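Here are my notes for your first reading of this model. Please keep the structure open beside them and find each residue as it is named.

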Amino acid sequence: MKLNKQQRMSKITVILEKINQAKPLDFGTIFSDSIELFKKTWLQGFLLQIFTIIIMMPLIIVIYVPLIGIMLAQSEKGYPDPNPFANFFAGMSIFYILFIIVAVFALSTISFVLNAGFFRIMKKLDFNEEVTSSDFFYFFKSHYFNKTFMLMLATVGIAIVAVLLCYVPIFYALVPLSFINMVFAFNPDLSTSDIVKASFKLGNKKWLLAFGLIIISSLLAQIVGMIMCFVGVLFTAAFVYHPTYLIYKEVIGFEEENPVEVIE
């Protein structure tokens, strides 16, 4: 069963207290540990990218197939004509636009759930536990989907506000937002507001360290992936999640997880 209100309040209090008392972390140690952990998780990281592409494929088809058809028609004429593109966008109804927006949110929610499953897999591999591909779909349950949809709305809302404030705040928000999925993955019983609160608390506490690690790991993943003939990006893209996972592990840890799983 789920945690009651008092149990949730107790858990979030413990998490916030751990963040307040967090010890300093070393950039080099986290980065080197990320590389070591990636050696265990690269295959699951690759599967995550494949699953994500498969999920996003319907949306890509709906958006781009009409445009590809227009481009092919123009190639047969032998000269570029902007009118078909103008007519296409002018003819887009409000219902079609709403459909695209809803589809983006729905597929993004599914992708969010997949990522949460990957974080649990990462934790299992980190502790040398057995994993299966079905672990990716651990959160594919109705009560989790409702919460992840609300978390997606919160994430998008925060990002939009940050962008409207002349883009600079988005660099600040990048770090706390990167922890939302992580906090949810290991504390799915917490409320949406508590997950966001813990994510921003952790992001604020370790902002500079996390920001540096996210930038360096993203660049490294892209560079190594391109060296591997671009297809390698599918294998290296998930590396960016490893530093934030290790920060979460060192600051909050997982000792609170076992009692929760028993209750559930």
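1. A pocket, as the word is used here, is an open set of grid points where a 1.4 Å probe fits, with protein on both sides within 12 Å along at least five of seven lines. The model is a predicted one, and its largest pocket has a volume of about 490 Å³. In general, rolling a probe the size of a water molecule over the atoms shows where empty space is left.

2. Which residues lie nearest the centre of the largest pocket? They are Asn115, Leu177, Ser178, Asn181 and Tyr241, out of a lining of 20 residues. Sorted by class, that lining holds 11 nonpolar and nine polar residues but no charged ones. At least two lining residues come from each of H4 (94–126), H5 (142–164), H6 (168–186), H8 (207–227) and H10 (241–251).

3. Turning to the chain as a whole, its secondary structure consists of 11 helices and zero strands. Of its 264 residues, 42% count as buried. Among the contacts with a separation of 6 or more, 78% are accounted for by residues 24 or more positions apart.

4. The largest nonpolar core has 64 residues, and those that touch the most other members are Phe184, Phe186, Leu202, Tyr245, Ile247, Tyr248 and Val251. At least two core residues are supplied by each of H1 (5–20), H2 (27–77), H4, H5, H6, H7 (192–205), H8 and H10, with H4 giving the most, 12 residues. If residues up to four places away in sequence are not counted, Val251 touches Lys18, Ile19, Ala22, Leu25, Leu202 and Lys206.

5. Leaving out residues up to four places away in sequence, Ile55 touches Leu107, Ile110 and Leu114. The C-alpha atoms of Ile55 and Leu107 are separated by 6.7 Å, although these two residues are 52 residues apart along the chain.

6. The buried residues of H7 are Asp194, Ile195, Val196, Ala198, Ser199, Phe200, Leu202 and Gly203, and they pack against H1, H5, H6, H8 and H10.

7. Helix H5 can be checked likewise, since its 23 residues reach 33 Å from the first C-alpha to the last, close to the 33 Å expected at 1.5 Å a residue. Its buried residues are Tyr144, Lys147, Thr148, Leu151, Met152, Thr155 and Ala162, and these pack against H4, H6 and H7. When you look along a helix, remember that an α-helix has 3.6 residues a turn, so residues three or four places apart point the same way.

8. Finally, please look at two backbone angles, bearing in mind that most residues other than glycine have a negative phi. Asn128, in the loop between H4 and H5, has a phi near 60°, a positive value in a residue other than glycine. Asn128 counts as exposed because its relative accessibility is 64%, where the cut-off is over 50%.

Technical notes
Residues are numbered from 1 along each chain as its sequence is written. This is a predicted model: local features need pLDDT of at least 70, side-chain atom pairs count only at pLDDT 80 or more; totals for chains, interfaces and linings use all residues. Side-chain values use heavy atoms; hydrogens and water are left out. On a 1 Å grid over the protein atoms alone, a cavity is a set of points where a 1.4 Å probe fits but cannot get out, and a pocket is an open set with protein on both sides within 12 Å along at least five of seven lines; lining residues have an atom within 4 Å of a point. Grid points are joined across faces, edges and corners, and a volume is the space filled by probe spheres set on the points. Helices (H or I, at least four residues) and strands (E, at least two) are DSSP runs, numbered from the N terminus. Ala, Val, Leu, Ile, Met, Phe, Trp, Tyr, Cys and Pro count as nonpolar, Asp, Glu, Lys and Arg as charged, and the others, Gly among them, as polar. Buried means under 20% relative accessible area, exposed over 50%, partly exposed in between (1.4 Å probe, protein chains only). A nonpolar core is a set of buried Ala, Val, Leu, Ile, Met, Phe, Trp, Tyr and Cys residues joined through side-chain atoms within 4.5 Å. Contact means heavy atoms within 4.5 Å. The expected span of a helix is 1.5 Å times one less than its number of residues.
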